[in-house]
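Dear colleague,

Please find the structure below for your records. My notes on it follow.

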Amino acid sequence: MSRRRSAPGPGSPDPSGAAAPSGRGRVLQVLDAVQRHDAAASAALTQALHGVEAGPDRAMITDVAYGTLRWLPALDAALGARLADPAALPAVVLDALRAGAFERLVRGTPAHAAVHAWVEEVKRLPGPPARLAGLVNAVLRRVALADAGGPPAGVGLPGPLWEHLAAALGPHATEAARAMLQPEPLWVTAYRDDAPELLRAEGAEARPGPLPGSWALRPGRPLGALAAFRRGAIQPQNPSSAAVVSALGEVAGRRVLDVGSGHGVKAAQLAAAGAAVEAVEIDARRSEVGRRNLARLGLNARHHVLDASVPMPEIPVVDAALLDAPCTGTGTLRGHPEIKLRWTPEEARRAALRQRAMLVAVAERVRPGGTLVYAVCALGLAEGPEVVAGFLAGHPAWRAVAPSVPLPTVPAPVGAWLLPSAEGLDGFYLARLERAEGAPSAAPPA
Ligand SMILES: C[S@@+](CC[C@H](N)C(=O)[O-])C[C@H]1O[C@@H](n2cnc3c(N)ncnc32)[C@H](O)[C@@H]1O
């Protein structure tokens, strides 16, 4: 997953006492923070929503800001057909056009209402940009989504990323990309049988997801404010992420290494299934969040702050390992639309080098006869099948077997894809690797 900074402060109360921004003004703050200040969409939105009560305005800001970012490449292509030189416009006006086009063309806001709202918003801008309200009016009335020689408009991806996904997913690429344009449900995994009742008692709507124990939630308030969360009854987790863990099979009573343990989402799942978990994370702060998260859920693991891209003699030999490797996150564009705006093939290549080094180091800690699941929430060949194929070529004691998971998969050249789906599943690549009994792990030196 790419590094993210928090937004530089849109939405925070204005110390000068100026009037609070309108709902669409807050949308513009999110678009600015993500595109020009390297903010993550979620952090920018949290700041922009500061002081906005739950209700239709909050829902509109969230929907239009996220939707515009998800559809941005297609919206820019559509606006490019109507504007001689979009880059010459003030950035804030271009963003108003993008958000207006999203509302009109995708969100289904009645055309006159969408155009009117964004023209009025531009009129309120300070300084010269307000004079461009007439242009905004003219463009928003005529703009239309159309394939413009690049990726199909309906996939909402920049050209290089579309080609990257299409090379990996073939005929499934369009559907996968389209699925990631849909709004995201808040998925949770239940850690207590009474979780649904606890949630309903607090007024949160919960509908069952595609896996036992997974629920799509409309919490009605921030998750951390729910007693069900604080008491350890639920953990935010996409069902695809839960399915990846189940590719390890039965883990009760086994020693399992969880590498790239982060906030402990998968470590918790393993511990709850009865594994003795060794959780390895390079980032001390994330490791600490992971430790506290497991404690909230009433679970235990041994936490190590270590670089897993080099040998880890301090880690015991384990029965099984899960390597949830850091990646470009292209299977999570629904929740992290900023990734598509920043992704480069070079970033995927760099990620693959690190993933390969981690796979080698983690495999060394797995006993003969043991299992390793390699997973990334990225949907390209470079970070998935090519990493695993490269590893297998140098490690004859290991072989790949078809992973068995409780969600539909599509075979990859080695391993399998869990595709993003319209109901809100994230995309993953996963491979299940088995080490031969009694065989050395590494290939002999040439
Ligand atoms: C995809 S996230 C893992 C999410 C986590 N498994 C979960 O389910 O909550 C990858 C994690 O790998 C960590 N990481 C990156 N490089 C690492 C390295 N060289 N050694 C160990 N952990 C690393 C990152 O800090 C990040 O937390």
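A salt bridge is taken here as a side-chain nitrogen of Lys or Arg within 4 Å of a carboxyl oxygen of Asp or Glu. By that criterion E346 forms a salt bridge with R350, with 3.7 Å between the closest N and O atoms.

The model is predicted, so local features need pLDDT of at least 70 and side-chain atom pairs count only at pLDDT 80 or more, whereas totals for chains, interfaces and linings use all residues. Residues are numbered from 1 along each chain as its sequence is written, and side-chain values use heavy atoms, with hydrogens and water left out.

Overall architecture

The protein chain has 16 helices and 13 strands; these are DSSP runs numbered from the N terminus (helices H or I, at least four residues; strands E, at least two). Its radius of gyration is 23 Å, close to the 22 Å that the globule rule gives for 446 residues, so the chain is as compact as a globular protein of that length. That radius is taken over C-alpha atoms, and the globule rule is 2.2 Å times the number of residues to the power 0.38. The C-alpha trace spans about 75 × 50 × 35 Å along its principal axes.

Buried residues make up 54% of the 446 residues, where buried means under 20% relative accessible area, exposed over 50%, and partly exposed in between (1.4 Å probe, protein chains only). The accessible surface of the protein chain comes to about 18,700 Å², and 55% of this belongs to carbon and sulfur atoms. Accessible areas come from the Shrake-Rupley method with a 1.4 Å probe; for residues, only the protein chains shown count as cover. Of the contacts with a separation of 6 or more, 71% are between residues 24 or more positions apart, a contact being heavy atoms within 4.5 Å.

Nonpolar cores

A nonpolar core is a set of buried Ala, Val, Leu, Ile, Met, Phe, Trp, Tyr and Cys residues joined through side-chain atoms within 4.5 Å. The largest has 88 residues, and within it L372 and Y374 touch the most other members. Helix α15 (residues 345-363) supplies the largest share of this core, namely seven residues. Apart from it lies another core, of 44 residues, including L28, V34, A48 and L83.

With neighbours within four places in sequence left aside, the contacts of Y374 include L323, Q355, L359, V387, Y429 and L430.

Strand β9 and its partners

Eight of the eleven residues of strand β9 (residues 366-376) are buried, so this strand is largely enclosed by the rest of the structure. Strands are said to pair if DSSP finds at least two bridges between them. β8 and β9 pair in the parallel sense over six bridges, with A320 opposite T371 in β9. β9 also pairs with strand β13 (residues 428-435), here in the antiparallel sense over six bridges, and V376 stands opposite Y429 in β13.

Helix α15

E346 counts as partly exposed because its relative accessibility is 37%. R356 is found in helix α15 as well, and is partly exposed, with a relative accessible area of 31%. Not counting residues up to four places away in sequence, R356 touches V387, G390, F391 and H395. R356 and S309 are 47 residues apart in sequence and 8.2 Å apart in space, C-alpha to C-alpha.

Further salt bridges

The structure holds 22 salt bridges. One of them joins the side chains of R24 and E103 (2.8 Å, N to O). This pair links distant parts of the chain, since R24 is in helix α1 (residues 23-36) and E103 in helix α4 (residues 91-107), 79 residues apart. E103 counts as buried because its relative accessibility is 0%.

The side chains of D324 and K266 also meet in a salt bridge (2.7 Å, N to O). Here D324 in strand β8 (residues 318-324) is linked to K266 in helix α12 (residues 265-272), 58 residues away in the chain. Both D324 and K266 are buried.

A backbone detail

Most residues other than glycine have a negative phi. D38 has a positive value, near 60 degrees. D38 is found in the loop between α1 and α2 (41-48) and, at 27% relative accessibility, counts as partly exposed.

Yours sincerely
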